[in-house]
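Take a moment to look over the sequence and turn the model around. Then we can walk through a few of its features together.

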Amino acid sequence: MIERLDDLEDFRRRRRAAWECNIDYWLNGPLRHVDDVGGYIAGRVAALCRRNIESCPVVIDMGFGNAWLLKELVNSGVRISYVGLDSMEQFVDRAMKTFRHIDAATFLLADVESELDLPVRADVVVNAFNFFELCDLSMAMSNASKHLLPGGRLFMSTIDKTFLILALSNTHGEFYKNLAIYQDVPGTKYGFQRIDLGAHVSEILEYPSVLYSAQDFIDAAHENGLSLVSYVEHPFTAKPVPKIYCHFEFERKDI
């Protein structure tokens, strides 16, 4: 059952343990979200980068994982300078080895829930399915905003909270109980759900789902100087684990 997010340190400890168990899968397994909408995300990021025709645009990828986005951008032929951020040392080590031939790619060990001050400002910041695993959305959004150039875009993708609640529920009855908890319990709610392997879910691997609403994302962005300029949904509701993906684009004004 979902529960209120009160003990942040306990959440972070459990999240870290889950992430460490998932490393091999995230690096080598088929990723459902990438299969579903990775092409759209990469295409949209490439289009945003091509707006800058006078210089090489900078892309910051928050929580890059196996660096699938970099692979897609390289394959698209778009000219960029890429900075990948991740809090898992194994991801950074693998990326530095895999992409050592790409001079314009940098990978940094960084926790986006801690205040960052990177020596770079980006034309595009990407957060693809990372915000909803975080318990301090405000700090992560602040880091995204402060590292954008004026007029730069934050492109973020997430999963609609109702489908996260559905995935956190083992039965139809649990789903309705969780919906009642979501309505009646104040504050931010969360749960740990089994990884979606496509045709079925893992029996052991799990990851956190913090149940942020669209309003939560928009409010956190606005509080950090970002304005919503685009919203797109992609339904994949006929699959064994149904999802609706949500894509937001925010623009940084000259603060």
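The largest cavity has a volume of about 40 Å³. Keep in mind that this is a predicted model. How many cavities of 30 Å³ or more does the count give? The count comes to one.

Which residues line the largest cavity? You can find them by looking for I60, M62, L85, L116, L118, V125, N143, A144 and H147. Two elements, β2 (58-62) and α5 (137-146), each give two or more residues to this lining. Sorted by class, the lining has seven nonpolar and two polar residues, with no charged residues.

Now let's turn to a sheet. It is open, has three strands in the order β1-β7-β8, and its pairing is antiparallel. The edge strands are β1 and β8, and each of them pairs on one side only. As a general point, strands of a sheet pair through backbone hydrogen bonds, either parallel or antiparallel.

Here are the strands of the sheet with their residue ranges.

| Strand | Residues |
|---|---|
| β1 | 3-4 |
| β7 | 189-196 |
| β8 | 201-210 |

Helix α1 (residues 8-28) lies across β7 and β8. Where β8 is concerned, α1 runs at about 135 degrees to that strand.

Definitions and conventions: Residues numbered from 1 in each chain as written. Predicted model: local features only at pLDDT ≥ 70, side-chain atom pairs only at ≥ 80, totals over all residues. Heavy atoms only, no water. Pairing = 2+ DSSP bridges. Helix = DSSP H or I, 4+ residues; strand = E, 2+ residues; numbered from the N terminus. Contact = heavy atoms within 4.5 Å. Axes fitted to C-alpha atoms, helices over the stretch in contact; angles between N-to-C directions. 1 Å grid on protein atoms, 1.4 Å probe; cavity = no way out; pocket = protein on both sides within 12 Å on 5 of 7 lines; lining within 4 Å. Points joined across faces, edges and corners; volume = space filled by probe spheres on them. Nonpolar A, V, L, I, M, F, W, Y, C, P; charged D, E, K, R; others polar.
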